[in-house]
Amino acid sequence: MATMTLDKKLAILSDAAKYDASCASSGGQKRDSRDGKGIGSVTGSGICHAYAPDGRCISLLKILMTNFCIYDCAYCVNRVSSNVQRARFTPEEVIHLTLEFYRRNYIEGLFLSSGIIRSPDDTMADMVRIAKSLRQEHRFRGYIHLKTIPDADPKLIEEAGLFADRLSINVELPTDRAVKDYAPEKSPDQIRRAMADVRLLKEARQDKSFTGKRPAKFAPAGQSTQMIVGADGATDTTILQSSSRLYSSYKLRRVYYSAFSPIPDASAVLPLIQPPLVREHRLYQADWLLRFYGFDVDEIASATSDGNLDLAVDPKLAWALANRHLFPIDVNRADRELLLRVPGFGTKTVDRVLKTRRHRTLRYDDLRRMGANLRSAKPFMHALDWTPRGLTDTADLRARFAPPPEQLSLF
Amino acid sequence: MYSIHLPEIGTFDAWRDKARALLAAAVAPEDVLWTCGRDSPDLFQAAGPLPQGDRTATASKAFISMANLAIWHRDPERFSRLYALLFALQSDQRLMSDKADPRVAKLTAMSKEVSRDKHKMTAFLRFREVGDRNAPRRSFAAWFEPTHLICEPIAPFFAKRFGDMDWKIFTPDLSIHFNGNISFAPGQPKPPIADDATEELWRTYYRSIFNPARVKTRAMQSEMPKKYWKNLPEAQLIPEMLAEAQARAQSMADAAPTLAPARAARVSERLRAQQAQHSENADQFTTSIQGCRRCSLWKNATQAVVGTGPLDAEIMIVGEQPGDHEDLAGQPFVGPAGQLLDQGLAGAGIDRSRVYVTNAVKHFKFRANGRQRIHQSPNRTEIENCKWWLDLEIERVAPKLLVALGATALESLTGTRHDLLNCRGSLERTPDGRPVFVTVHPSYILRLPNSERAAALSNFTDDLHKVAALLQPDSPLAAKPGIA
């Protein structure tokens, strides 16, 4: 143990951290080090410094403090019953790596998570100590994301929020039943209460005091969570209901969906059946519809056949195909809510349409210049020089968008 | 025809000054030739003096911020395009918001390309340490090849980020030097920068953070195009990582489950003992209500909210159900309605800490609407299901007087639906004969228009005065306390 090099530890502890999908560095409190007395800046919008061949961005140094863990969660590579190699960073090593990587412009900051050692309180206290030292001793002004442990003392979570830009607590699986089955030591109730605490702490610090002074910001980039998709039998509708509840109840910035992925030394309880990666992608699309397009879960669910999203076409197109009686929509007259329902129109395109309509009656080419995806949009809208005629109601409309059927291999 | 040559540094300010002068004299866009930096000025056109004029030029904020990006584009036509649009804007300022106009669309696209290039430079530039590690200000250097001429506008970003170190960024167009202050030097070919040992650690990190079970090279390349790879220390690993990925994923899937290490059973047992100990210490009533599955309201709520207050309280106040705030905090009446209740109680001289406060329904019923939770009234079945818990609380506290706030509480306590306003201020009875004083729910006051609120609050306080009076030794209730 004592002879393990820093390189070896980094290999083990970043390998163990990669199953957390989040790597966002956006939304932090704006600050910089132009005064020359510290290092780092947060601009508000995140930067992805590299992309791994799995298509995920690398924005933060995402590591575990240790991958020793006393919990036995079936889906997790670090569970106590797994035979993976274990390692543990000293706080100085985490700080050293963060600062040296940061100075070379490899990262935006640190995303620190940990297996649970000794007790949730001890582990959380160690993580808070690292964040505090980075901020106070090393005057680090970059981004810090701390994974909080739901069972830890609320006082520690409060302290964590003062040093970190973002806090997150993973709900792990979409239903309480699944959490009980696959993560027997975790309590879904406790996870919910911890998220509630974070929201209350954040809101309590938004009010000015009697003297008009603002208290120090608590987790300015808010909180997020992650759900593993495809490990249990939950349908996409169940997953989206669960996220919609999380967004409304705890004001989460993001819910991340992570397609269940094969892990080294998998548990016998949970067979390694990998859901298609496109399912994860469709869930994110549906999530966007919920948050930015005014859809609600029941509408998205109504366009699915068995509660699962159509993998061949995106959820907005699937909804439009199932609700053709509402189309085509006149881009020169329709209001914002309706324009947002047109497949191929994003929020920015809709804003541009609304602005430009004041100047002119829109034509097909105008829409192209404004960034609309007309391949998807044209059956569902009409403009000055474009009408879809019978296209909206053709029987094979879905086939125009879905990937062509493939012949099965004979061998 | 006028020929204008702009400097390589300070291009934007110089362009703006010239454009202002040209507009003052109303020079048409087709009469101006623009050149910049190392481009040679037009051979056949001597740089004559600019004409004088006294028209004032105006430009909107939207134009300036777009111009301040598009001007760094490598396209030599950028200056004339910008001037042409600015010229057109003088007669129609609203043109900027016409996103379908070809001139606006083209310049918007150019400014987007520049801002993407700027963003990619902040992302993919890699410093190497070139000086003494222990110097008071450490020294770093980097080589980068931006697509557009963005060194000048990007320099402040790096100065803000790496304020406590000296650094140099070399590019073919321009070099940036920082030692507390930014300065620029001419561009140069790639200089030799010595290896940095930390790059090896970074490569280890890049290799380990990759999940071989999910290969999505297109997603990677659309965000990190190959043109940047040659200057990225980690990118040379990509071919090898991709080659091994499938075999690594397959071997994980094929591996047979292993036996848990010997310490696992020990650790798990100790943890379970601790958790059992913890739940034994908890209050039995609270633990069992948290596990309540009598109806489906628990699914969306954070937690069941039980009553608070002394178990020997004389008054028990029953509300409808926890709200948004109560659901998060796990305490009844702590949100806006709770504050009104506190005001009312204080006005009536009742000490809240001597009152047991609870709700007819223990879980928050709501409809998720984006990032808001919209309160929904519980239905009859839900009220009946939760009555079981309310009865337990009444039994535990055995109050002299129950106070029903609103119709739901009244229905739960008396078992029948009453017209609330008809029986407000009166004394009803529970089926087993306990007295129930009836008043409105404080959230009813919150829903009233501002003008009616003060009166409603004073009526509510009056009702609570009656509650206080009912518990005086000379009241009829005191004569036959508890069950009548």
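**Entry 1: a pair of strands in chain A**

I began with strand E7 (residues 223-229) of chain A, which pairs with E8(A) in the parallel sense over 6 bridges. Strands here are DSSP runs of at least two E residues, helices are runs of at least four H or I residues, and both are numbered from the N terminus. Strands count as paired if DSSP finds at least two bridges between them. Within this pair, A:Gln226 faces A:Tyr256 of E8(A).

A note on what I am looking at: this is a predicted model, where local features need pLDDT of at least 70 and side-chain atom pairs count only at pLDDT 80 or more, while totals for chains, interfaces and linings use all residues. Residues are numbered from 1 along each chain as its sequence is written, and chains are lettered from A and ligands numbered from 1 in the order in which they are written.

**Entry 2: the whole sheet**

Next I looked up the sheet in chain A: an open one of 6 strands, in the order E3-E4-E5-E6-E7-E8, with parallel pairing. Why is one side of E3 and of E8 left without a neighbour in the sheet? Strand E3 (60-64) and strand E8 (254-259) of chain A stand at the edges, so each has a single partner strand. From one strand to the next, the twist averages 20 degrees. I also found helix H3 (residues 120-136) of chain A lying across strand E4 (109-113) and strand E5 (143-147), at about 170 degrees to E5(A). Such angles run from 0 to 180 degrees between N-to-C directions, with axes fitted to C-alpha atoms, for helices over the stretch in contact.

**Entry 3: the cores**

I then asked which residues touch the most other members of the largest nonpolar core. Of its 181 residues, they are A:Leu112, A:Ala131, A:Ile300, B:Ala70 and B:Leu82. Helix H4 (residues 102-124) of chain B gives the most to this core, with 7 residues. Apart from it I found another core, of 42 residues, among them B:Trp389 and B:Leu405. A nonpolar core joins buried Ala, Val, Leu, Ile, Met, Phe, Trp, Tyr and Cys residues through C-beta atoms within 7 Å; buried means 20 or more other C-beta atoms within 10 Å of a residue's own, with C-beta atoms placed from the backbone.

**Entry 4: chain B overall**

Finally I checked chain B, which has 18 helices and 14 strands. Buried residues make up 34% of its 484 residues. The C-alpha trace of chain B spans about 115 × 75 × 45 Å along its principal axes.

Technical notes: A residue is buried if 20 or more other C-beta atoms lie within 10 Å of its own, exposed if 12 or fewer, and partly exposed in between; C-beta atoms are placed from the backbone. Two residues are in contact if their C-beta atoms, placed from the backbone, lie within 7 Å.
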